[in-house]
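Hi everyone, thanks for coming. Have a look at what is on the screen, and I will walk you through it chain by chain.

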Amino acid sequence: MSSDQSKTQNGSEQKKSSSDLTPTSISKKTESITPQFEGSLINQLVTRFGDKLVQVIYVRPGRTKILVPPNEIVQVASFIKDSLGFDHAESVSGTDYPNDNQIEVIYHLSSYSDDKLSSQILALSTRVDRNESRMPTLINIFRSAEYHERETFEMLGVYFEGHPRNERFLLPEDWADIPPLRKEFRIKGR
Amino acid sequence: MENEQRIDETISRGLEIVKEAEEDRLMTLSVGPQHPGSGHFRFTIKVDGDYIVYCDPDPGYVHRGEEKMCEYRNFIQNIPHLERPVIHDSTNITYSYSLAVEELANIQVPLRGQYIRALASELNRQVYTLYWLGIYGIFLGHSTMFMWPIGDRELFIDLLEALTGARVTHAFNIPGGVRNDMPDGFEERCLRQVAYFEKRLAEYEDIFYNNPLFRQRTEGVGILTKDDAIKLGVTGSVLRASGIPFDVRKAEPYDVYNEIDFKIQYMKTGDSYARSTVPFLDMKESCHIIRELLDKMPKSGEVRAKLQPNPKGPAGESYKRVESGRGALGYYIVSDGTPKPYRVKLSVGSFRNMLALPFLLIGSKLADMPSIYWSLNYWPVEADR
Amino acid sequence: MATAPRDFRFGNFVGSLIQLIFWILIIVTLVGLPLIFIILFYVPLPPVNGEVLTPYLFFSMMVDPTRTIPIIKFLIHTEFFRVAVFPGFTYAAILAAATIFIERKFLAKMQLRIGPLYAGKIEGILQLIADGLKLISKEIIVPSGADKLIFWAAPVAFVVTAAAVIALIPVAPGWVVANLDVGIIAVFAFLGFFPLIALLFSWASNSKYPFIGGLRALHQMIAFEIPFILSALSVVILAGSLNLTDITIAQHSYWFIFFLPISAFVFYISSLAELERIPFDLPEAESEIVAGWLTETSGMIYGLIQLGTYVKLYALAALFVTLFLGGWAGPQIFPAEIIPGYTGEKIYNAITANAIFWFTIKTLGMIMLILLPRGINPRIRIDILLHTGWYKLIVLAFINIFVALSLVYGGILGPGGLLS
């Protein structure tokens, strides 16, 4: 248990920045006692990949979050699917952090086939540069992310390499503006 | 050498002609937004005779930018526009939003408020499923299967109107509880109407589900195996019809659902008939849940936690999900310490189930298109947000 | 109208009828009659019987039965009356209109609702007229690239063919528009024209959904023609004649349905398929192909096709009654004379009145039976439809043919048999 705690604190100490939304501020919300089952899941990941690759953001009852660099995400995701037993992506979303000049793409993964994991959601997140936002796609591992990734492309401008259709999905055909979920896109009149 | 070249050219030209002829044989149909069989949704299909060979969904006709709008309003102001994606299931879509905000801002909901919230959620589930069943009847050409559920749905809408003040789009759930308490006499009325409805459900089973024509049209059609269902990540009744007993109310019980005893209804065949029966079984189970909730509810108490005018919490993020009529509805909310959320993402059941649509339609007959499409429990407005 | 309908009270209803009669009497006596007098005053009339034909004399002549009844009798027995009024087009149109109204109310009651309510004083009885006026006032949109001649001609051909089928059906002894010796074959010849009309119209519409609908209509109607003809064949074997009047007369002691129940069933299912009624309404499947081959119809073209459909419904129901339910046979309930002891000319014929009454009752009952599946069943799929039409119904029809043949050759039924 204590090693888990030290790992979280290490992870939080490594990245300090001034914005309110860094992973550090989020991890301050954790309980003082890390839950055991979730901790064991994160343990497996960190043992396999090392804590330089897999940064643990928080470990809460039922919810865990890790941060991975974009070019390593495919192997981490394969490990999560094959060894840990998470078999589908519930949602894929992107959040724009203009202060950090990054966009965070976060995959919420869960499991239908494993009983103990069915109440767990593992949030696999990665941060891509805002101006050069490309990352490899995970649809070969988690097929259910296909439409969500396409929507993230059109709403935030993140290009998924390997995804067959990086195209407009929900927006109108004549959309000629910047991707709307970026923070510099203002709704007219507000 | 020249001979061979000419033969090659002739053969390749012949193949081209055959390919052109095949392309010519395909007819492109746009089951578009102006079609009585699609709702506010468009998908393009290519048909070879009677078989569908290509399907491409094209949502976005009702896209309003819900997620962007959430960033401009504070946590309470987001409720009225967040319930518009599914107007008749509005308590469920604001339920998980309230749960996520309560976790972010650390708000504790009083017990009676939790029970009333769960009761409104179950009543809304009935309303939505009856509407879905009615439209399924229209798609199959059965007008009585439209009229009876819509007529019975009025019972629950009247109940919800007495409880919340509006027939649909109730704006009843807010972070912290519910807006107001139950009126007098609500319990007896609710129990009476649930008893009447259970008799009607028995009639539905006789007339609709045991109808040989209905069975012929839906059995064995659009089979989604268990592995495919897991791989595609479908949710809700589509998942339960393929043999996976997963219900968010049982997997991670929220509010008072860990005190309610009910069974997950699921079927193993995975065809359209199973997908149309699972919501019906869910409705039956919901009647028991409503009775149990009314039974166990504390007789008096607060229904809402007192909040400050602009509630906010420390910076953080939260992911909460509830079981709505279409499946697991999840909210991912990121807050930066201000009263307005930094990012709100809805993960709706319809958007996830849409992935199964091209997968199931390709290879099936054109006449099976309505029974597959609507059995996926797809609500176009919700998928577009 | 946003108000809830008041409950039906019989007293109020009688009161409103009396009010109506009162107003009609007042307007006729105080306004109508004087107008007619003024007109007759200015129109020079010939002298009759040495008297000047005053308006009073004109009216009393019109009311005198000994003068008017021969005129009416002469008019009734003309060809024109038979074709246009009874048993021809007007009778069929009135029954078709009644069918539409009954269908809407009947289905509404099955579906726990009310149906048309506001048009007309009693429960929406004038709704049909309101719908007809609405359809007439709409613009007829012809799609670009459509074949204009066929687009305009096909709906008219539809109504004309349906009316042609009515022309062959006997309603009372001696009352048939066209008494052909090959009556049944003529009926099926006309019915075979409908798939052609549907296909031509759907092709002329120059659009994808009508094209699919037209093909489905073609498949469906052709698949069910053979069981149709075979089930009628067993009736012909028992009756010994193709003439529809003779078939009806041959049933005067027993109805054919008692010996040919399977044929009646096959005929019923086939007529549901011919009429494109639910569960066989694939050519018009609303949720898959918008409105099938009727997609591009608008305004009066749609009105004509609906009229043709309901006239066809009456025709097939009447055909069923003629072939299986004994036509006009029924116990004599009309008295032989209305005014006992009257020896002059009379139009009232007890046998004819009885025949008309029983025929109408049976046809209406059959129409209700055809309307019924709409409230109960969803739509069938095309491969199940074709499988049913080509395999199962033909086999069933053949069974009954063999039963009929054995009965005739066994000398039990048929001309010269035991029970003839």
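I will start with how to read the model, then go through the chains, the contacts between them, the cores and a few backbone details.

This is a predicted model, in which local features need pLDDT of at least 70 and side-chain atom pairs count only at pLDDT 80 or more, while totals for chains, interfaces and linings use all residues. Residues are numbered from 1 along each chain as its sequence is written, chains are lettered from A and ligands numbered from 1 in the order in which they are written, and side-chain values use heavy atoms, with hydrogens and water left out.

Let's begin with chain A. It has five helices and seven strands, where helices (H or I, at least four residues) and strands (E, at least two) are DSSP runs numbered from the N terminus. Along the sequence, the order of these elements in chain A is α-α-α-β-β-α-β-β-β-β-α-β. Of its 190 residues, 56% are buried; buried means under 20% relative accessible area, exposed means over 50%, and partly exposed is in between, with a 1.4 Å probe and protein chains only. Chain A exposes about 8,300 Å², with 46% of that supplied by carbon and sulfur atoms. Those areas come from the Shrake-Rupley method with a 1.4 Å probe, and for residues only the protein chains shown count as cover.

Next, chain B. Here we find 16 helices and eight strands, and the C-alpha trace spans about 95 × 50 × 35 Å along its principal axes. Chain B has 385 residues, and buried ones make up 64% of them. Its accessible surface is about 13,600 Å², and 51% of this belongs to carbon and sulfur atoms. If you take contacts (heavy atoms within 4.5 Å) in chain B with a separation of 6 or more, residues 24 or more positions apart account for 70% of them.

And then chain C. It has 16 helices and zero strands. Its C-alpha trace spans about 75 × 60 × 45 Å along the principal axes. Among its 420 residues, 44% count as buried. Chain C exposes about 21,100 Å², and carbon and sulfur atoms supply 74% of that.

So who touches whom? Two pairs of chains are in contact, and chains A and B share the most contacts. On that interface, 48 residues of chain B meet 50 residues of chain A. Together the two chains bury about 4,300 Å², 54% of it on carbon and sulfur atoms; buried area here is the accessible area (1.4 Å probe) that two parts lose on being put together, summed over both. On the chain B side, Y72(B), E317(B) and Y319(B) supply 16% of the area buried against chain A, more than any other three residues. Chain A and chain C, on the other hand, have no contact joining them, and their closest C-alpha atoms lie 24 Å apart.

Now for the inside. In soluble globular proteins, nonpolar side chains tend to be buried together. Which residues have the most contacts inside the largest nonpolar core? They are Y107(A), L124(A) and I45(B), in a core of 151 residues. Helix α5 (residues 111-140) of chain B gives the largest share of this core, 15 residues. A second, separate core has 90 residues, including L168(C), F188(C), A223(C) and M366(C).

Last stop, the backbone. N106(B) has a positive phi of about 60° although it is not a glycine. This residue sits in the loop between α4 (90-105) and α5 of chain B, and at 70% relative accessibility N106(B) counts as exposed. E276(C) is another non-glycine with a positive phi, about 55°. Is E276(C) buried or exposed? With 9% relative accessibility, E276(C) counts as buried. E276(C) lies in the loop between α12 and α13 of chain C, and P279(C) is in the loop between α12 (261-274) and α13 (286-289). A cis peptide bond joins I278(C) and P279(C), with omega about 10°.

Conventions
Core = buried A, V, L, I, M, F, W, Y, C linked by side-chain atoms within 4.5 Å.
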